[in-house]
There are 2 protein chains.
Amino acid sequence: MLQSVDARTGSPVGAQFPESTPAEIDQAVAAAVAVADAFAATSAAQRASLLRALAVALEGSRESLVALADRETGLGLPRLNGELDRTAFQLRGFADVLDQGIAHAVVDDPAVAGAPPVGRPRLAKVRVPVGPVAMFSASNFPFAFSVLGGDTAAALAAGCPVVVKGHPAHPELTRQTVALAQGVVAAEGLPAGVFSLVQGGSIAVGVHLAQAPGITAIAFTGSFKGGTALAKIAADRPRPVPFYGELGSVNPLVVLPAAAEKNGAELANTLAGSICLGAGQFCTSPGVIVVQKDAASDAFVAAFAQALQALQPHTMLSSAIRSTFDKGVARWKSTASLKPLVDGSAEASAPPRPFLAEVQAADFIADHNLHEEVFGSAALVVRTASVEETLAVLRAIGGSLTVTLWGAETESEATRSLVRAATQIAGRVLFAGVPTGVAVTTAQHHGGPFPASTQPFTTSVGYAALDRFLRPVALQDAPDWLVARKGVPC
Amino acid sequence: MLQSVDARTGSPVGAQFPESTPAEIDQAVAAAVAVADAFAATSAAQRASLLRALAVALEGSRESLVALADRETGLGLPRLNGELDRTAFQLRGFADVLDQGIAHAVVDDPAVAGAPPVGRPRLAKVRVPVGPVAMFSASNFPFAFSVLGGDTAAALAAGCPVVVKGHPAHPELTRQTVALAQGVVAAEGLPAGVFSLVQGGSIAVGVHLAQAPGITAIAFTGSFKGGTALAKIAADRPRPVPFYGELGSVNPLVVLPAAAEKNGAELANTLAGSICLGAGQFCTSPGVIVVQKDAASDAFVAAFAQALQALQPHTMLSSAIRSTFDKGVARWKSTASLKPLVDGSAEASAPPRPFLAEVQAADFIADHNLHEEVFGSAALVVRTASVEETLAVLRAIGGSLTVTLWGAETESEATRSLVRAATQIAGRVLFAGVPTGVAVTTAQHHGGPFPASTQPFTTSVGYAALDRFLRPVALQDAPDWLVARKGVPC
């Protein structure tokens, strides 16, 4: 059973309601399959109109949706209003991308007379929507990575029907956002199967959806455990389908001596703020801070610990997430190699306290448990004696959504080697600011080597997210009537 | 032990030589890892020079290599000379693509002032070479999908060191081509680790290579059985890596009544030739011919069977492949629903005879065994009573490198639905000619839904093959010195 819960009080709100049954899930997928061809054949303009209408509808219900989201997630009105803005911006952004003709672009190679390899037939590469997409919502972005978030926007833009798996931590917001979206789909003259919801807190619901034969691709944002389990299910289907999983990461942030010396105090405050933002419930929250051992770096660590000590994260998204955070912190506290710097444990009924501990590079590298994310306002300061040790720390982490390098403004063998190591393990490398906050733009890449993503060549944020749902097909010697469709599927 | 064998006589030539040991495989991977950063940081011009020098070297040793390939594969001099031409053309083609700046292209989004979601930092998306690539050679293209084939060309173009797993069916050609390539690598002033060979006929060699921690991507062309086994190994590594497997398919070819009426006799000859080309040992060989039931179609089937009966395929690549072909044909012959049309069984010591049988659509759809490829000059004619049944046949096949539609020149609901079904299950859809022969060009897409490929959004032929080895990374607020590198890795 599903139950809306007030995140701050832990009290249930309203009646329980049932999970989707296997038959209901099959029905949602069947509806998506039934309309897939017709939706694939819509024009880019029709889908752009749908996306813009969804943005308008979201904004039109802003007050009630944000209030409901705040009750179910505890993320606070300013953040949630900003997140709704971003979600609407993103829907409109994909509409703009459709207007530019990207979805139906044709790579046209004219025929060349003569024998191969120079001679060739006419080949035109188009892209076809992959088909019905299962979209697994995340708990930590109830708008931007939930019902009408980036994955949904990208799939609809591509011409793929979407079956949303709602997140059980915000079930009432999910239902209301889906109702809104379904109204828009109908008003745009599109069939209902374009957009369906399945809901449930049990693993069985997600597994049944991921195994449904009609599903042709899966988008997922969530935990490492859930994501790797679903990835395996996607790969073990009689017909495997792409599984685009964004599983979070520890987002190492390297503070080079140059940065600690130049403006260490300011950076310490910025970093502490990033770690406590949204109670640390971001896939891009910095979890490993790599700092060398010198006077300026020591001062930075002291200022950073002091700044973090002074901050108070808000209530976490759910009691389950809070419990996992408390266990992660307890695990760290029982690790002999860690020296706590900020250790404000809190009662489960009170908001969480940030946690920070220091560890020597060699101990960090040797202990694989320390490379795992603790989701929430918790981080490790890893002290390194040299650039070589910093490189070894990055390599031990192995895969991350982001790496941040502060103080790499001057080119040197050291900064080059750090950039090299950072680009080898991350999908985004920052040289200023903090990794929390992911701009929605064409050049964005949100995804990194395992365990950050299951498909690190793809992105789940930014307009290249569209590429996950458009499969290339080469048309050889296509007849005139097909050429005249200019890349729009039949 | 490895042994060069004369494909036509089955006689061993020269002495046996040992497989690569685990230590030797580790050494090859370690050498690739050691040079990966330096090779990634080469300019596009340096890599283009390498590719062109490899093409020149191949052509310079044409006579001896083609003679050796002919002895080890039995594919014949004209075909092998053509294949060498294609391989050199492809190496030069990737060099041209590098000259165009594609590998180091930067997607640059300038900073926008103001608060998010509109405001954003500067983001520049570049691509970084993924790292050492394990390349599994195929037996059926001893040049174009072997040591210096498309996968190697694409990986080297991307800036990735390559560890070639040689195919045991042409071990001496493999050794000589590798020696040639290693000479070119040295002459170009590049470190030896850029290009290594491991060899062996046992499964253990491939498994050890696929599991080597230093390998960051795997390219494979070969059987369904071998490819799916290696795909699982790649996914089960502690750090999974992309597995680009091209596993072959049945390549349905639909002869619509319009085509059968217009020039059925000519098409029948063309099709028979395609099935016997290279003794049917192409991943794009047409294995399922879908023909409706009307007078023109009946005449086409009769002419096609007659044309096929008159052809004599040459010796197959190896006794193992021949044995698998014979078993596949025997399985078909024991299937009650099949009516043999061309059934010239041959002694194992003689070249194979083509095989053709007719089956009704309903029987084909119901029998999953019939959807599996029989590698060689063997095909099924599936008779359908309607376009709907033809669509059902295509959907039952589910995934293929190619679908060919003959007679779709006129737009109608029927041709639209056929194009739709074809693009949904294939990576390339042809409207004239035969699927054997794959042009190397930008618009090519060689890859299709499972079981044709393990990564159907990517291609193993054509210049987009490069995309498999270049992983996107977004640089946020990059310092000037890094911007000045214009996308070239550090």
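**Entry 1: a proline in a loop**

I started with B:Pro456, which sits in the loop between strand S16 (426-430) and strand S17 (470-476) of chain B. My helices (H or I, at least four residues) and strands (E, at least two) are DSSP runs, numbered from the N terminus. Before going on, I note that this is a predicted model: local features need pLDDT of at least 70, side-chain atom pairs count only at pLDDT 80 or more, and totals for chains, interfaces and linings use all residues. Residues are numbered from 1 along each chain as its sequence is written, while chains are lettered from A and ligands numbered from 1 in the order in which they are written.

Is B:Pro456 buried or exposed? I found it buried, because 24 other C-beta atoms lie within 10 Å. The scale I use calls a residue buried if 20 or more other C-beta atoms lie within 10 Å of its own, exposed if 12 or fewer, and partly exposed in between, with C-beta atoms placed from the backbone.

Next I listed what B:Pro456 touches, leaving out residues up to four places away in sequence: A:Arg471, B:Gly427, B:Gly447, B:Gly448 and B:Pro449. Contact here means that the C-beta atoms of two residues, placed from the backbone, lie within 7 Å. I also checked B:Ala426, 30 residues from B:Pro456 along the chain, and the two C-alpha atoms are separated by 8.9 Å.

**Entry 2: where the chains meet**

A:Arg471 made me curious about the two chains. I get 64 residues of chain B in contact with 62 residues of chain A. On the chain B side, the elements giving two or more residues are helix H4 (77-99), S3, S4, helix H14 (413-425), S16, S17 and helix H15 (480-483). Which of them gives the most? It is S17(B), with 6 residues.

**Entry 3: a sheet with strands from both chains**

I then followed S17(B) into an open sheet of 10 strands with mixed pairing, in the order S12(A)-S13(A)-S14(A)-S11(A)-S10(A)-S15(A)-S16(A)-S17(B)-S4(B)-S3(B). I take two strands as paired if DSSP finds at least two bridges between them. Strand S12 (339-343) of chain A and strand S3 (107-109) of chain B are the edge strands, each pairing on one side only. Neighbouring strands are turned by 20 degrees against each other on average, direction ignored. Axes are lines fitted to C-alpha atoms, for helices over the stretch in contact, and angles run from 0 to 180 degrees between N-to-C directions.

Looking at one pair, I see strand S4 (residues 123-129) of chain B and S17(B) running antiparallel, joined by 7 bridges. B:Ala124 has B:Leu475 in S17(B) as its bridge partner.

Helix H13 (residues 387-397) of chain A packs on this sheet, touching strand S10 (253-255), strand S11 (288-292), strand S14 (378-384) and strand S15 (400-406) of chain A. The direction of H13(A) makes about 140 degrees with that of S14(A). H13(A) also has a neighbour in helix H14 (residues 413-425) of chain A: their axes come within 9 Å and cross at roughly 5 degrees. The two helices are therefore roughly parallel, a label I keep for angles under 35 degrees, with over 145 as roughly antiparallel, 65 to 115 as roughly perpendicular and the rest as oblique.

**Entry 4: a sheet within chain A**

I moved on to an open sheet of 5 strands in chain A, with parallel pairing and the order S7-S6-S5-S8-S9. Strand S7 (195-198) and S9 are its edge strands, each pairing on one side only. Strand S8 (residues 217-221) and S9(A) pair in the parallel sense over 4 bridges, and A:Ala219 has A:Tyr244 in S9(A) as its bridge partner.

Last, I looked at A:Asp480 in helix H15 (residues 480-483) of chain A. A:Asp480 is exposed, as 9 other C-beta atoms lie within 10 Å. Its C-alpha atom is separated by 64 Å from that of A:Ser386, 94 residues apart along the chain.
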